[in-house]
Amino acid sequence: MFSDAGQIASWSKGSVAAAVNAGILKGYPNGTFAPVQALTRAESLSLIDASSALKAGGAAEETPQSAATPAASTAPAPSPTATTAAVGGGGTGGGGGGTGGGSAADPAPAATPTPAATPAPLAIPFVDGVRIGVNEEIFMANSVNLNIDLTLVPDETAAQFDHFNQYLTNGSIPVEQLLSGDFRYEPFGFTSRVLNYPIYEFELEGITDPYITQVFYNANNQPVGYYKQKIDGKLIRSTKSAQFAEITEGVTASKVSVGEDVYYVQFDVTEVFGQPGNQAYYYSVNTYETDTTDNPAYIDQVLTSQDYLYSQDDQRSVYLEFGLERTYYIVFYDRNLQAVSYYAGDWAGIGQKAVDSAISRIHSLPDVSALTLADEDAVAGALRKFDALSDEQKLNVSIEDQEKLHAAVAAIGSLRPLGSLGYPYFNNILPADDKYFLNSSTFKIDAQNMPGLLRYTSDKFSYSTSNRPLDPSQLKELDNEYKYNLNDAVNVFYLQSQPDEYLNVILYDKQGDITAYYSEPLNLPVVKAVWESPILQITDGIDIRKSETENSVEIDVSKFLKQNSQQAAYYTVASQFTGELYEVKPETWLNFNNVSYLYSTKYFTEIEYSYLPDQQYLIIFYDNNLKVLGYYQGKATYTEQQLLDQARILLSLLPAADAITLDDEYNLEKARHAYDALTDSQRQQLDASYLAKLEQAEAALQTLHFSGPLTSILRIGGVTRNLEFPMLNGTHLDVNFRYLPESVANLAKSFKAYYSEQPFTQDNLKNQVPNATYPIFKTSVLERYNIPGPALPGELYVTLVFYDQSNAPIAYNTEKVEFTIKRPILDGTASGLTEGVQITSKYVGEINNITLDVSEILNNEQLGVSYYTVTSKRELGGEAGFTVENAALQRNFLQTNDTSTVGSYGEEEFLILFYDSSYKVLYYYKTKNPLNVEFAPGVTDSGNVSIPGANDEE
């Protein structure tokens, strides 16, 4: 009956049908039902009148209730203005993909009614802190996309708000008139402070002077405030390109069970974006109640509807609630929102179509013996289609076809070299299109250009830099690097590199096995700012104020942006303490080449962490080409009492001068900055002993700076060491610089670690080769660094020397450290295990990734195992040294994960030793290959045990 009935939620269809048959609900004159739009007050009254009249006449025993008005999402569905004679209703509909296709013609909005008399003014205040601007990022077709930012609404004001109604009007209309007249509004719950909000094309018809008014209500539905703003936004229309055509491949539709008798359909469009010459960037998903695939007019209707746009960078698959006898359209658009192609299908035929498509892809593959790397995408496409089938559907694919597919996958894996990210027809490490960080190289891993099978089988990746190409033998050493999720499209990351460095990227599958790696010279451009001196100083338009959140401030640049909206595209924020920032001109700060995040001016506010109330801020604005437009210097607004209290607290916490150590410098700096931020009158309110204590502590610290063995540079504290590392027969050292003095942290670009038996001297600094060298990024000051320790236990001096950008030493930290070594206990009582280890191997190029799964042993409380180590025959020198005793003496990391993966050239044998919490060897397990298990030499049958409970019946 209704053209948009497909949008009616399945749970409400029975009630809606009953209400329609009873004449209570009639829909709109244009043939739509509009189930996701909110009822106007007039519509609500019509609904009440109709149901009351029906009940009074006795025609029905029960009146269907309209669904509660839903809270609008960040991308609400279109809501055509209805006449009071038409009544809509229903619920919000099912699962989240695209919006409905809409009606054949959207109705023009009803004329704004004129009230009979001017209402009395309402005594509600104007709400400060609301910001409404145009969101240039496209997320909804045929609409104006707005960004509503409520973060600057004062917390004491926002505490009153429960929800708000938003009106779009032609011209500025008094709030009193809006509330008393029949004006359409969108309801919002006050749960999010930042909203993306679209205004649809049909809503703007007849509107020449658009205004948005927001009326805020408390929990008792009483108006408590309002905000009003004129908007000036660009209508983003979709058009049809000259090459627009239907495609029949590239979309995989799968029926997915999400509960008992509840199904969704997953649409995967990855293949479309990966096709050669692809122009698509966005796509939308549209559904219809009836089969419309043979009616070309429907696709034109789709192109004019208001649909949510997914981008290839964000989401390659969409889930929609499953329904019978529905048609779906997936429309693909380029970056200019020109429709370039579409895919149409019938939901009822999804199952068989998916099976047929998978079989067709498998049949089209060459024989395994004829496969080359050029066939990788075809193999990946067939595997993707097959994996998308349910277990029941896979039974319709013959055993012969399944064997052909899996053999093809294995063949491609053997053909591809391990270093496959750089083989001739593919390079996926590219400079990023957008600017994210100043003074850094920003790169993207463009997954859509990966060979299909490599992309399909890879799940995570890590990256690092080195001064030489990565060798396959080093892959295990980098296994501790943080692993990022490999998204379907573009993954953007930044790094600060040194000349002649290599970028290393390692890909992993879902089991943690390495699928490929990349190691190539780092030829990425560095994002740099340009400027001309003197740089213009901005004196107003920037508001920095104390946030209600502890230790943070809000930086509001909206006033400046309104004055310079055509030029400013980015800004950076730097913070220093009182006295430091004003001594550094913006040109000097820019020459420091610190890595700084580039905030987009599309957003009005940023929250910055603040250690102290007297922290100063340097805000620099840039145009699209990163030319500096101007700078602002200032600090957050605090009360005089806040500043005085902070100084008093920090000064009182300082130790006495004779108890000062180098590690107190961090807090001493903070106390000095807090005192210097005070006015003379505030200082007079402090006891004179505070200043005396501060100056005596600074003098004592100055003496300590030059009391060490290196007199040419400062000796400092602020280094935290951790010797507790899970290793046997060796040592390791963790360090972090959380409390490094600010003066050093701002300048240090790298550090070197030295071990020495005697105190470190100038001769050591000049002649000794460092044990380790690490770069320091300003963003990584809080990170820890893992430094290999000495091979033998004992006391050594550990000296860390910090270097500036020119590689000149600027400070050092030295401390005598006692390294101890954990030794295993091997008393002859260890037993051999015959089960509990699952072994799988997978060749990637020449490397055999062998995965040892010990979860059954590790998680069995009866065995009492806390750690285990894995040692190969190769590491033990061959057959003669391949014993439990030698494996126990090997320097090795104690592992606690359920699985361990080792890369090897060919087959490999391992000894796995299992320890209790005191490092006593309890059990061991010897592997030869995945199909053969033997015991270590010298073990008798009586020493073999089975896992307790392994064979017990459940």
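**Helices and a sheet**

Mentor: Helix H7, residues 350-363, has 14 residues and reaches 20 Å from its first C-alpha to its last, close to the 20 Å expected at 1.5 Å a residue. That expected span is 1.5 Å times one less than the number of residues, and helices are DSSP runs (H or I, at least four residues), numbered from the N terminus.

Trainee: Which residues of H7 are buried?
Mentor: Among them are Ile350, Ala354, Val355, Ala358, Ile359 and Ile362. Buried means under 20% relative accessible area (1.4 Å probe, protein chains only).

Trainee: Why do residues three or four places apart point the same way in an α-helix?
Mentor: An α-helix has 3.6 residues a turn, so residues at that spacing point the same way.

Trainee: What is the model based on, and how is it numbered?
Mentor: This is a predicted model, in which local features need pLDDT of at least 70, side-chain atom pairs count only at pLDDT 80 or more, and totals for chains, interfaces and linings use all residues. Residues are numbered from 1 along each chain as its sequence is written, and side-chain values use heavy atoms, with hydrogens and water left out.

Trainee: How many residues does the protein chain have?
Mentor: It has 954, of which 51% count as buried. The chain holds 22 helices and 50 strands, a strand being a DSSP run of E with at least two residues.

Trainee: What is the strand order in the open sheet of 4 strands?
Mentor: The order is S20-S19-S22-S23, with antiparallel pairing. S20 (484-485) and S23 (514-521) are the edge strands, each pairing on one side only. Two strands pair if DSSP finds at least two bridges between them.

Trainee: How many bridges join S22 to S23?
Mentor: There are 7, and Tyr502 has Pro521 in S23 as its bridge partner.

Notes. Buried < 20%, exposed > 50% of the residue type's maximum accessible area, 1.4 Å probe, protein only.
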